[in-house]
Amino acid sequence: MEDKIGIMIIDDIKETCDNIARLISLEEDLVVVGQAQDAESGIEIAKQLRPDIILLDINLPGMDGLKAAEILSLELPATGIIIISVQEEHYYMQQAMTAGARGYLMKPFSQADMIKAIRRIYSSEQKRRNFYDTVKEVRNRKGEVIVIFSGKGGVGKTTISVNLAIALAQLTGEEVVILDLDLQFGDVSLLMDLNANLTITDLAQEIDTIDENGLENYLLLHKSGVKILSAPLRPEESELIKDNYISKIIELLQKKYRFVLIDTEPTFQEVNLTAMDLSDKIFLISLLELATIKNLHLSLQVMEELKYPMEKIHLILNRFDSEYGLSMKDLEKTLNLAVKAKIPSDGGVAVRALNTGEPFVLSNPKATISRAIFDLARFVVPNITEKDHKDSLFQKMKKLFKK
């Protein structure tokens with residue numbers, strides 16, 4: 001039956017079943033998998049065999065074909081039902097379709113008409129099945145959580161977070177959100193030139209009743225289409241944010257956003273550990289600088305003790321062409337971890353972007369540093385090429401904000 005369309009015949013006349021089966025057997029891509037002479041036994045056999053197509057006579061002893069079609073369409077939604085009947089009236093055709101049939105054949109029908117109907121209904125059902133499988137996959141899909149972390153401050157975590165988020169939005173056309181978990185001194189909104197009227201502090205007060213739709217009210221919208229949940233406005237407000245709040249926030253963000261980027265502070269406080277626990281990837285940001293490497297070495301020891309799988313930890317080397325006196329080989333040997341991406345040093349572009357609030361992947365997309373960020377985005381989403389997303393969220397937002 002593999003690679004063949006499996007067909008079941010339900011007709012109260014055994015000779016009719018045999019004749020239909022004989023005609024079907026002449027086709028290489030079709031096979032009869034079962035027969036029945038009444039609706040009740042036909043339904044039970046069909047539930048066991050799960051055929052692709054059922055040829056169902058409308059006039060059956062006991063339960064009629066219309067009632068059987070209604071039951072079968074509910075029990076076997078992936079099976080295409082074709083009603084066969086001597087009745088030509090439009091009323092019966094309409095009743096058949098209402099009962100869940102996908103086709104209607106008038107007796108006597110030719111072999112060509114029957115085969116054409118079978119293949120047409122099968123093709124239609126396959127397309128419908130693929131569509132709903134895709135919808136189900138999208139609905140069930142959780143957004144990918146990427147934590148941006150380093151054991152030391154000043155290594156460019158926030159700059160990478162902001163520009164990577166925009167690059168992902170541009171390359172994929174998907175929705176992206178940044179969660180600023182540097183709860184005392186978070187700068188994500190600053191780097192994107194946004195005024196944070198509502199922050200994670202405000203959200204924390206409603207955390208017990210909020211859902212993914214209500215969460216939207218606390219997000220800032222950047223002109224790139226990327227959204228931001230801002231850090232508290234004052235350092236002391238960080239005490240109001242509990243680690244169980246973070247797990248719920250991440251869960252809600254995953255329901256609506258394809259990528260959830262989390263910018264963190266250089267500590268192993270509970271909120272950071274919660275984010276790492278829930279992450280799909282952890283990007284460790286390093287410089288070729290001794291203090292940074294020492295802190296990353298300690299960070300990796302902590303992650304090992306926490307039993308984080310090494311395949312989700314990725315070493316990202318920032319400002320790699322600066323003159324620090326250390327080499328990338330020194331870094332990899334010390335940390336026993338290969339560098340997955342290198343971002344060059346370009347102080348002029350980076351500092352200008354920071355001071356203007358215009359991320360450099362937007363203001364200077366052809367700069368070497370911007371191209372490196374796009375390469376990092378392609379590491380997140382392998383095999384993707386930059387396309388003209390005419391209908392993507394990024395393009396819509398670009399038009400909306402264009403003055």
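This note walks through the predicted model point by point, from the whole chain down to single residues.

1. **The chain overall.** The chain has 403 residues, and buried residues make up 48% of them. It holds 17 helices and 13 strands. Among contacts with a separation of 6 or more, 74% are between residues 24 or more positions apart.

2. **The five-strand sheet.** Five strands form an open sheet in the order E2-E1-E3-E4-E5. The pairing is parallel. Strand E2 (30–36) and strand E5 (103–106) stand at the edges. Each has a single partner strand, so one side of each is left without a neighbour in the sheet. Direction ignored, neighbouring strands here are turned by 25° against each other on average.

3. **A pair inside that sheet.** Look at strand E1 (residues 5–10) and strand E3 (residues 53–57). They pair in the parallel sense over four bridges. Ile10 stands opposite Leu56 in E3.

4. **Helices over the five-strand sheet.** Helix H1 (residues 14–25) lies across E1, E2, E3 and strand E4 (80–85). H1 runs at about 170° to E2. Helix H4 (residues 90–98) lies across E4 and E5. H4 runs at about 145° to E5.

5. **The eight-strand sheet.** A further open sheet has eight strands, ordered E8-E9-E7-E10-E6-E11-E12-E13. Its pairing is mixed. Strand E8 (220–221) and strand E13 (339–343) are the edge strands, and each pairs on one side only. Within the sheet, strand E7 (residues 176–181) and strand E9 (residues 227–229) run parallel and are joined by three bridges. Val177 stands opposite Lys227 in E9.

6. **Strand E11.** Is strand E11 enclosed or open? Six of the six residues of E11 (residues 281–286) are buried, so the strand is largely enclosed by the rest of the structure. In a regular strand the side chains alternate between the two faces of the sheet. That pattern can be followed here. Lys281, Phe283 and Ile285 point one way from E11. Ile282, Leu284 and Ser286 point the other way. The lysine and the serine are buried along with the others.

7. **The neighbours of E11.** Which strands pair with E11? One is strand E6 (residues 144–149), which pairs with E11 in the parallel sense over four bridges. There, Ile146 has Lys281 as its bridge partner in E11. Another is strand E12 (residues 313–318), parallel to E11 over five bridges. Phe283 stands opposite His314 in E12.

8. **From E11 to E12.** H12 lies across E6, E11 and E12. It runs at about 155° to E11.

9. **Helix H11 and its packing.** Helix H11 lies across E6, E7, strand E10 (259–264) and E11, running at about 135° to E6. H11 (residues 270–278) also meets helix H10 (residues 243–256): their axes come within 8 Å and cross at roughly 30°. The crossing is right-handed. On H10 the contact is made by Asp243, Ile246, Ser247 and Ile250. On H11 it is made by Glu270, Val271, Thr274, Ala275 and Leu278. By class, the contact has five nonpolar, two polar and two charged residues.

10. **Gly143.** Gly143 lies in the loop between helix H5 (111–140) and E6. Is Gly143 buried or exposed? Its relative accessibility is 3%, so Gly143 counts as buried; the cut-off for buried is under 20%. Leaving aside neighbours within four places in sequence, Gly143 is in contact with Gln254, Tyr257, Arg258 and Asp280. Tyr257 is 114 residues from Gly143 along the chain, yet their C-alpha atoms are separated by 5.4 Å.

11. **Arg378.** Arg378 is found in helix H16 (residues 368–380). At 25% relative accessibility, Arg378 counts as partly exposed. Arg378 and Thr172 are 206 residues apart in sequence. In space they are 9.5 Å apart, C-alpha to C-alpha.

Conventions
Residues are numbered from 1 along each chain as its sequence is written. This is a predicted model: local features need pLDDT of at least 70, side-chain atom pairs count only at pLDDT 80 or more; totals for chains, interfaces and linings use all residues. Side-chain values use heavy atoms; hydrogens and water are left out. Buried means under 20% relative accessible area, exposed over 50%, partly exposed in between (1.4 Å probe, protein chains only). Helices (H or I, at least four residues) and strands (E, at least two) are DSSP runs, numbered from the N terminus. Two strands pair if DSSP finds at least two bridges between them. Axes are lines fitted to C-alpha atoms, for helices over the stretch in contact, and angles run from 0 to 180 degrees between N-to-C directions. A crossing is left-handed if the near helix is turned anticlockwise from the far one by less than a right angle, and right-handed if clockwise. Contact means heavy atoms within 4.5 Å. Ala, Val, Leu, Ile, Met, Phe, Trp, Tyr, Cys and Pro count as nonpolar, Asp, Glu, Lys and Arg as charged, and the others, Gly among them, as polar.
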